[in-house]
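Take a look at the model below.

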Protein chains: 2
Amino acid sequence: MRIMKASEFGLNREVEYGTPEQNRTVERILDNVRAEGDAAVLRYTEQFDKVKLNASQLRVTEEEIQAAYDRVEPKFIEALRRAAANIRSFHEKQKRSTWMDVQPDGTIIGQLFRPLRRVGLYVPGGKAAYPSSVLMNAIPAQVAGVPEIVMVTPASTGGKEGIDPYILVAAAEAGIHEMYRVGGAQAVAALAYGTDTIAPVDKIVGPGNIYVALAKRYVYGVVDIDSIAGPSEILVLADDSADPAYIAADLLSQAEHDEMASSILVTTSKTLAAAVQTEVARQLETLPRKAIAEQSIRERGAILLADNEAEAVATSNRLAPEHLELLVYEPFGWLGRIENAGAIFVGPYSTEPVGDYFAGPNHILPTNGTARFSSPLNVDDFVKKSSVIHYSKEALLRDGEDIMTLAKHEGLEAHARAVEIRLVKEGKRP
Amino acid sequence: MRIMKASEFGLNREVEYGTPEQNRTVERILDNVRAEGDAAVLRYTEQFDKVKLNASQLRVTEEEIQAAYDRVEPKFIEALRRAAANIRSFHEKQKRSTWMDVQPDGTIIGQLFRPLRRVGLYVPGGKAAYPSSVLMNAIPAQVAGVPEIVMVTPASTGGKEGIDPYILVAAAEAGIHEMYRVGGAQAVAALAYGTDTIAPVDKIVGPGNIYVALAKRYVYGVVDIDSIAGPSEILVLADDSADPAYIAADLLSQAEHDEMASSILVTTSKTLAAAVQTEVARQLETLPRKAIAEQSIRERGAILLADNEAEAVATSNRLAPEHLELLVYEPFGWLGRIENAGAIFVGPYSTEPVGDYFAGPNHILPTNGTARFSSPLNVDDFVKKSSVIHYSKEALLRDGEDIMTLAKHEGLEAHARAVEIRLVKEGKRP
């Protein structure tokens with residue numbers, strides 16, 4: 001793992017737009033599902049997932065969900081339930097209520113909070129089918145009060161027909177009962193436009209491959225989408241008080257995700273830098289996903305030496321990591337200086353997997369530097385606000401002339417007249 | 001204005017992606033500004049706005065802002081200030097605070113709220129340069145605590161060199177002091193990527209023409225953007241208690257915006273429907289923007305007859321209007337049934353312009369049916385949240401095995417080991 005000066009390091013950020021060919025493929029799939037509905041969905045499912053279905057087979061049955069429970073070991077289900085309870089409890093604390101400001105002159109203004117009506121959750125097939133992500137996507141929607149949460153996932157897993165039973169169990173534990181075996185851009189299209197079998201949704205969340213990501217980008221506007229996730233990142237801010245073995249283990253837990261993942265240590269301590277370098281090399285040797293982690297560490301990993309604490313913090317803020325660990329002597333003292341980070345893990349026992357799986361905060365976090373302006377998935381993402389405006393006669397008579405002045409300046413005479421007609425009727429204007 | 005059955009009416013919603021040629025133009029402008037910075041910005045400003053500048057002239061000077069105040073009548077400034085005070089007061093009520101849940105076992109989890117650091121506000125030139133929109137975009141950012149708010153607007157207005165003094169005054173009143181004379185896709189590029197003169201921002205808000213909208217869509221991910229606004233819409237829900245002249249005036253205030261604006265009345269009363277039809281025709285005659293309003297009413301307007309109150313409300317929820325007026329006998333009794341609307345205007349004195357200019361709630365609202373899932377511009381749009389996770393030794397020793405179970409199932413052994421190494425060190429595992 002290379003050691004370099006913090007000031008000389010930058011991450012190369014690119015937004016993924018896909019190749020022109022991938023874009024054309026996605027456009028074609030979207031257009032065809034929009035025009036033909038179920039027929040196109042079934043055709044693409046046969047073509048891409050190698051599973052031949054009719055429309056009545058798209059929906060996962062209650063029996064399949066029950067059968068999945070029999071295939072998953074009780075120890076897993078218990079751990080999953082404890083995680084789900086923590087996630088639910090954390091997100092419950094985010095809920096907000098409609099408020100109104102009721103003024104003596106009869107003016108009432110406020111914000112009305114309402115859950116979205118129907119949300120679609122995309123779950124990828126194959127190795128990227130993570131039960132933990134099902135909980136992390138579904139529970140905030142459920143806590144927000146979304147009455148209909150629907151899951152879509154490919155009809156085959158790793159080339160074999162059928163859905164991973166762990167995914168079905170996680171979805172059921174998260175309270176999802178409407179699930180369809182459809183994946184790829186065709187699933188996104190079905191959720192956005194609706195088919196005879198799948199009613200359209202208001203928002204689509206969840207990760208997927210490049211085709212799913214492009215399809216979500218296209219349908220944004222017809223429905224809402226979550227952010228497009230980039231590769232995963234960790235940045236560890238550490239001083240001599242930190243255990244190099246802990247740091248190495250935490251960096252590697254990020255590096256094993258994929259070759260594009262970034263694992264960065266920022267420190268003012270050359271001693272620590274050297275010790276972590278040694279530890280990373282040592283721990284890497286016995287990892288099952290060694291090849292992936294090694295490439296990630298080599299190409300995207302770095303140990304950055306900062307001249308002082310201020311530079312260390314500035315480097316972290318500049319890189320705006322998805323995950324930030326504070327492995328320093330008095331970590332809560334550093335919190336106030338952190339500007340940009342998806343999730344901040346404070347102190348030696350808060351290793352990233354604590355948040356990935358269990359503590360309660362969401363593991364769907366802003367990547368690719370977007371922590372500068374975006375946030376972990378949360379209850380607000382499944383709630384919309386409507387403004388409420390009530391003016392009394394008294395209030396309108398008082399403010400009417402000001403409103404007309406502003407409207408007339410903008411050349412919007414009909415706006416002014418909508419006020420004037422009321423002022424005239426009330427005898428305030430001739 | 002046509003009268004038809006509510007069940008037979010649908011709005012044709014299309015997301016605007018621009019022509020292939022417009023897309024190529026925008027891509028070229030973005031690439032060139034990214035590569036060349038100020039030089040490209042100045043070249044496009046000469047090409048599109050017919051104004052030849054050097055880099056040091058891009059920034060609007062303090063003297064120009066002062067000179068603008070001399071060109072704007074005091075009555076306008078006073079009305080603007082009263083509007084700004086209301087907008088500020090309403091948005092202040094939306095502010096939220098960092099919270100932490102501190103548990104007896106040493107676990108601390110919470111959400112850290114932070115304003116974005118730097119936000120760019122696009123203000124179009126020409127007739128669409130609305131001082132009210134400057135307030136509506138800038139004040140929520142300011143209330144959120146964004147330390148740097150920067151405005152960009154074309155170097156010429158309606159073919160004439162210079163910026164509308166009303167816009168400069170509105171920006172100054174909203175607390176903006178950093179302003180640049182640059183518009184179009186080149187302004188979006190400068191804000192997203194930065195140039196020698198214009199430092200890059202974290203988010204771009206504000207309306208613009210198709211090139212601006214496409215440019216914002218492209219740079220989304222590099223920076224955050226607000227939603228892409230569609231044509232404006234009003235839906236009036238009314239019964240026999242409503243004054244047909246008020247309804248007509250309110251419908252027309254929407255219709256005068258542009259030919260694509262939709263003005264819809266939904267009612268169960270045939271008497272009211274006929275009276276509004278007559279009133280619209282009558283009031284239309286004397287409007288300065290009659291041609292625009294007439295085309296809008298003819299092509300996009302409708303009076304919809306519902307069989308009963310339930311169908312009237314369902315129609316409104318289905319259309320998810322940007323603006324909704326409740327002109328019914330007991331309007332607050334209807335509020336609970338409204339699911340989808342950007343802003344809800346309650347009762348006869350709450351005509352839409354009250355909210356467009358003055359009451360305090362934002363006039364930047366979800367259009368094109370997106371009130372199903374999105375919200376008026378608000379303070380949350382300028383704040384990012386970071387999760388905070390602190391586990392004590394006690395908490396990790398208790399939950400460690402569960403976390404390892406979940407990680408191992410997902411094939412993420414290094415995640416499990418990051419926990420295990422700590423459990424081993426604390427003697428909880430061999």
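Start with B:Ile204, whose bridge partner in β10(B) is B:Ile225. This is a predicted model.

Five strands of chain B form an open sheet, in the order β8-β5-β4-β9-β10. The pairing is parallel. Two strands lie at the edges: β8 (178–181) and β10 (224–225) of chain B. Each of these pairs on one side only.

One residue pair to find is A:Ala343 with its bridge partner in β16(B), B:Ser387.

How many residues does each chain bring to the contact? Chain A gives 123 residues, and chain B gives 123 residues. Between them, the two chains bury about 10900 Å². Carbon and sulfur atoms carry 58% of that area. In chain B, the residues that lose the most area to chain A are B:Tyr349, B:Ile389 and B:Arg422. Together they make up 7% of what that side buries.

Polar and charged groups also meet here. Across the interface, 70 residue pairs are in polar contact, both residues at pLDDT 80 or more. The count of salt bridges between chain B and chain A is 16. In one salt bridge, the side chain of B:Asp243 meets that of A:Lys425, at 2.6 Å from N to O. The side of chain B that touches chain A divides into 60 nonpolar, 28 polar and 35 charged residues.

Last, the annotations on chain A. An unreviewed UniProt entry places the feature "binding site" at A:Ser232, A:Gln254, A:His257, A:His323, A:Asp356, A:Glu410 and A:His415. These positions spread over 184 residues of sequence. They are also spread in space, up to 56.3 Å between C-alpha atoms. A:Gln254 is in helix α9 of chain A, residues 244–255. A:Asp356 is in helix α14 of chain A, residues 352–357.

The UniProt "binding site" annotation, from an unreviewed entry, covers A:Gln254, A:His257, A:Asp356 and A:His415. Why do they not all gather at one spot? They span 162 residues in sequence, and the farthest two C-alpha atoms are 56.3 Å apart, so the four do not all sit at one spot.

Key. Residues numbered from 1 in each chain as written. Chains lettered and ligands numbered in written order. Heavy atoms only, no water. Contact = heavy atoms within 4.5 Å. Buried area = accessible area lost by both parts, 1.4 Å probe. Salt bridge = Lys/Arg side-chain N within 4 Å of Asp/Glu carboxyl O. Polar contact = N/O pair within 3.5 Å; in protein donor to acceptor, adjacent residues only side chain to side chain. Nonpolar A, V, L, I, M, F, W, Y, C, P; charged D, E, K, R; others polar. Pairing = 2+ DSSP bridges. Helix = DSSP H or I, 4+ residues; strand = E, 2+ residues; numbered from the N terminus. UniProt positions renumbered as here; feature names shortened; annotations may be inferred.
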